[in-house]
Amino acid sequence: MKYFQPHSVEDALEIAQTAEATFLAGGTDLVLHMRTGKVQPSGIIDLGKVSVLREIKITDGFLNIGSMATFADLGKSELVLRNAYALWQACQTMGSPQIRNQATLGGNLGNCSPAADGLPPLLALGAEVHLMSAEKEEIVPLATLLGRTPLLGQETLIRGFCIPLKELKSGFAKLGRRRALAIARLSVAVALEVNENKVENVRVALGAVGRRAFLSESLSQVLSGQELNQEWLEKGVLEVQRIVREALGTRASAPYKRVAVSGVFREALESIITEGGIQA
Amino acid sequence: MIEINLVVNEKPYTLNVEPSERLIDALRNRLGLLGTKEGCGEGECGACTVIMDGKTVNSCLVLAAQANGSVITTIEGVGNRRSPHPVQKAFVEVGAVQCGFCTPGMVLSAKNLLDRNLKPSETEIGIAMSGNLCRCTGYDKILRAVKIAAEEGAK
Amino acid sequence: MKSSVIGSRVVREDAWGKVFGQTKFPADVNLPGQIYAVVIRSPHPHAKVLGINSEKAMSLEGVVTVLTAKDVPNNSHGVLFRDQPVLAEYVRMVGDPVAVVGAETEEIARAAAKLVVVEYEVLPAVFDPEEAMTPAVLPLHPNLRPTNVLYHMPIRRGNMEEGWAKADIVIEKEYSTQHVDHAFLQPEAVLAYVDERGHMVVQTATQYAHYDRGEIAHALGLRFSQVQVKTLAVGGAFGGREDISLQIIAALMARYTLRPVKMENTREESFYSHSKRHPMKMYYKTGATKDGKLVALEAKIIGDAGAYASWSINVLRKSAVHASGPYVIPNVSIDSYAVFTNNPYAGAMRGFGAAQTVLAYESQMDLLARKIGISPLEIRLRNHFKVGSTTATGQVLTGSVPLDQCLAKIAPYLERGGDSQ
Ligand SMILES: Cc1cc2nc3c(=O)[nH]c(=O)nc-3n(C[C@H](O)[C@H](O)[C@H](O)COP(=O)(O)OP(=O)(O)OC[C@H]3O[C@@H](n4cnc5c(N)ncnc54)[C@H](O)[C@@H]3O)c2cc1C
Ligand code: FES
Ligand code: FES
């Protein structure tokens, strides 16, 4: 196995183009998969020394997050706290301190587990993904990218994420078996705009109920353009339960998750509702 | 084999490692630093915790090559019998040590917290220690020891 | 009574070595020239080993040898009965060891282990102890027991008919508990070598060094005096290191190769290889008068011993003895069983059979209290053991029964709504 440790994005892309090699970010997924034999790369491109990939900054109306930003970096970032609250919340409970220090947002997408904590907030916040290869560069909405199989070509680098700055209120909640080191059994992220007590552009994303995290169209329709009150909340609860029922079908976890999602959904809205000033 | 340079417990080393070799293997097998323990090999237990560039990581999930250029502290680099670190002293005095297999990782997580935060709240202590499992103590004395160490250190 | 020792704080002498990371656990000791051994375990719960082909594994550079059942002089071990093979020809559970590879490095040994081809004849397996008890199911240990019932402990006291006649309220329920792993933090590890005297030295973490020594000697056909077991720091055990695990296999490899042999379980191997807490199915019928006095208990407890006996007899005996809880019940009929199945074998774990029955008898107390209309505390106050009480097994308690003090202490918390925090 070959091991590359490039210092720039250009070098990384060049190596990816010429050698048969897999990108390595923090390694919290890849190192395990290599040990179990699930992945047997013939080469590794360690992105750890490409420092530009760790940047978190604001440019042209977007919050830009480099793919190598760790969950610990994001969870401590003022910019993330102010502009992508749901993502900030997800970073507080993901894994453990040791995992958060090592695991990256890019790796979370690269691994793309159904329970990946970073993806529902990014979906709800309308994030776009910046992809690069030696031959091509594109910016795709995350929701579109998650529809692709395979997710990425081997030579494609996740350069970063762009979250539009739209004064969204957002929230995230997850259900795990315990508080630390718990893979999500279910996760919900919500983002919306509030205009004079009316909610607009509601986006709800669910994790751990399907093959990959997804945005719910129907929830968006049921909940957008309405007044933010108790009735609105209960309508959301009913609809989210219906979606979970449909998504899980006859799976063993279905009855449990259908009930649990109501609590997780309410929790995800907690921060929005208290900030939004309604008495729910 | 890849050549890597790293500083472990304030000593510089140049090592030749396999690309798939984990940091824990390099520390234990190449440097003989056996205080770093492997409890699960998959990031769940924290027994393999070391401090890398000021942050705790699970050395079972980091490749040795990823540590190229890093500064690492293992349990061997914290305190000694003549002058134990306040965390080590508190662990012994409070009775936070039973079988001791989790202890090196626990001490490093606690030390790293106190390096960053001289007056941690109970919640902050809880979060800082949440990546380290102990099957013996029930945690209460461990959390108490960290609190006492923080109070000692803040004096 | 004042004493300078009781009630005073002492510092554990071994704690200092542990906080500095100096303490040696078995994975931390090595010898020059050592080889590594890795076990090949059965993926089937019940099977005959028809053949083992190690040619491919042997052709890997650095592989020293592959050992199987035929290489074990006396192929059995076990704490109560020697019913467990060192290397199995007949598999009774997933994880039974069938072969062991020795190689120059751990990587080579692990790679070689994947190349050993084991041919099995897969047999029908039974996982439900109640099904396993029926005469239609063939016994897993015909040499030990004619059926899968390894053990039955009946306890009879008073007169059941009279008891039920006095009962105004009867609660009848089924309870079950699951397998639990000790998950001690330090996975099993061993270093075995033949020393300059020709003696087998085995360094390991064990709860039971003297027994390990006897089992190693027996399996290898050595005299006790030729085997020395050194216990290093034990990284948690909780009952899970009472049965021997890698020790005999490592010693066997050392004897064949005359090289020091190191073995370390991964966490996954550890889960496969050691005992579990007994899952129990508990049928409880409890009767009380309308003023909350217990009058009758009928209980049937079925413990899943899994594939081997281990401590099952002692564990299910303890379940039977504790089945009535700390309560006076004049009429009692308890039957406790340990039953072989093809599940992972069950053995010692903190509580040793007393923990599972708590779920049943305390739930029964709560349900009775609710039906009678008194508080959960009240029903316990009316029935608990005191000095002079007679237990279900006829033991008269003569001293140190401070349950009343305990209940008095927690009463305020219970009254606040059951949250002891
Ligand atoms: C104990 C433990 C607990 C965990 N808990 C959680 C949890 O609570 N929530 C959660 O969501 N996840 C959890 N995880 C999973 C994991 O930590 C995350 O998925 C993490 O975000 C992966 O990031 P990484 O940097 O470690 O990725 P790596 O392991 O380095 O890479 C993961 C995959 O992404 C690819 N990749 C990485 N970066 C790029 C890039 N820039 N471009 C293209 N491809 C790339 C890699 O090739 C690889 O296929 C846990 C893992 C462990 C071991
Ligand atoms: S051994 Fe690394 S976390 Fe358990
Ligand atoms: S003291 Fe044994 S695991 Fe913590």
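Okay, hi everyone. Before I start, please keep in mind that we're looking at a predicted model.

Let's begin with who touches whom. There are two pairs of chains in contact, and chains B and C share the most contacts. Chain A and chain C aren't joined by any contact; their closest C-alpha atoms sit 11 Å apart. So much for the overview; let's take the two interfaces in turn.

I'll take C and B to begin with. On this interface, chain C puts in 29 residues and chain B puts in 35 residues. For chain C and chain B that comes to about 2400 Å², with 61% of it on carbon and sulfur atoms. Which residues of chain C lose the most area to chain B? They're C:V19, C:F20 and C:L185, and together they account for 30% of what the chain C side buries.

What about charges here? The rule picks up two salt bridges across the interface of chain C and chain B. Here's one you can go and find on screen: the side chains of B:K37 and C:D28, with N to O at 2.4 Å. There are also 10 residue pairs in polar contact between chain C and chain B, counting pairs where both residues are at pLDDT 80 or more. If you're wondering which element of chain C gives the most to this side, look at helix α1, residues 15-19, which supplies five residues. By class, the side of chain C facing chain B splits into 12 nonpolar, eight polar and nine charged residues.

Now over to A and B. Here 27 residues of chain A meet 29 residues of chain B. The two chains bury about 2200 Å² between them, and 55% of that is on carbon and sulfur atoms. How many salt bridges are there between chain A and chain B? The count is zero. What the rule does find across this interface is nine residue pairs in polar contact, again with both residues at pLDDT 80 or more. The largest share comes from α6(A), with six residues. In terms of class, that side of chain A has 12 nonpolar, eight polar and seven charged residues.

Next up, the spaces. I want to show you the second largest pocket, which has a volume of about 1600 Å³. Its lining is made of 48 residues, and those nearest the centre are A:R100, B:T123, B:G126, B:I127 and B:S130. Helix α4 of chain B, residues 122-128, gives the largest share of that lining, seven residues. The lining as a whole has 16 nonpolar, 18 polar and 14 charged residues.

Then there are the cavities. By the rule used here, five cavities of 30 Å³ or more turn up. The largest cavity holds about 160 Å³. It's lined by 16 residues, with C:H77, C:Q84, C:P97, C:I244 and C:S245 nearest its centre. Nine residues of that lining are nonpolar, five are polar and two are charged.

The second largest cavity has a volume of about 90 Å³. Among the residues lining it are C:E188, C:R241, C:D243, C:S245 and C:H274. The lining of the second largest cavity has three nonpolar, six polar and three charged residues.

As background, most peptide bonds are trans, and most residues other than glycine have a negative phi. Where does the cis peptide bond sit? It joins A:T149 and A:P150, with omega at about -5°. A:P150 is in the loop of chain A between α9 (142-145) and β8 (157-164). The other spot is A:L181, which isn't a glycine but has a positive phi of about 50°. You'll find A:L181 in the loop between β9 (169-175) and β10 (186-195) of chain A.

Key:
Residues are numbered from 1 along each chain as its sequence is written. Chains are lettered from A and ligands numbered from 1 in the order in which they are written. This is a predicted model: local features need pLDDT of at least 70, side-chain atom pairs count only at pLDDT 80 or more; totals for chains, interfaces and linings use all residues. Side-chain values use heavy atoms; hydrogens and water are left out. Contact means heavy atoms within 4.5 Å. Buried area is the accessible area (1.4 Å probe) that two parts lose on being put together, summed over both. A salt bridge is a side-chain nitrogen of Lys or Arg within 4 Å of a carboxyl oxygen of Asp or Glu. A polar contact is a pair of N or O atoms within 3.5 Å; within protein, one must be able to donate a hydrogen and the other to accept it, and residues adjacent in sequence count only if both atoms are side-chain atoms. Helices (H or I, at least four residues) and strands (E, at least two) are DSSP runs, numbered from the N terminus. Ala, Val, Leu, Ile, Met, Phe, Trp, Tyr, Cys and Pro count as nonpolar, Asp, Glu, Lys and Arg as charged, and the others, Gly among them, as polar. On a 1 Å grid over the protein atoms alone, a cavity is a set of points where a 1.4 Å probe fits but cannot get out, and a pocket is an open set with protein on both sides within 12 Å along at least five of seven lines; lining residues have an atom within 4 Å of a point. Grid points are joined across faces, edges and corners, and a volume is the space filled by probe spheres set on the points.
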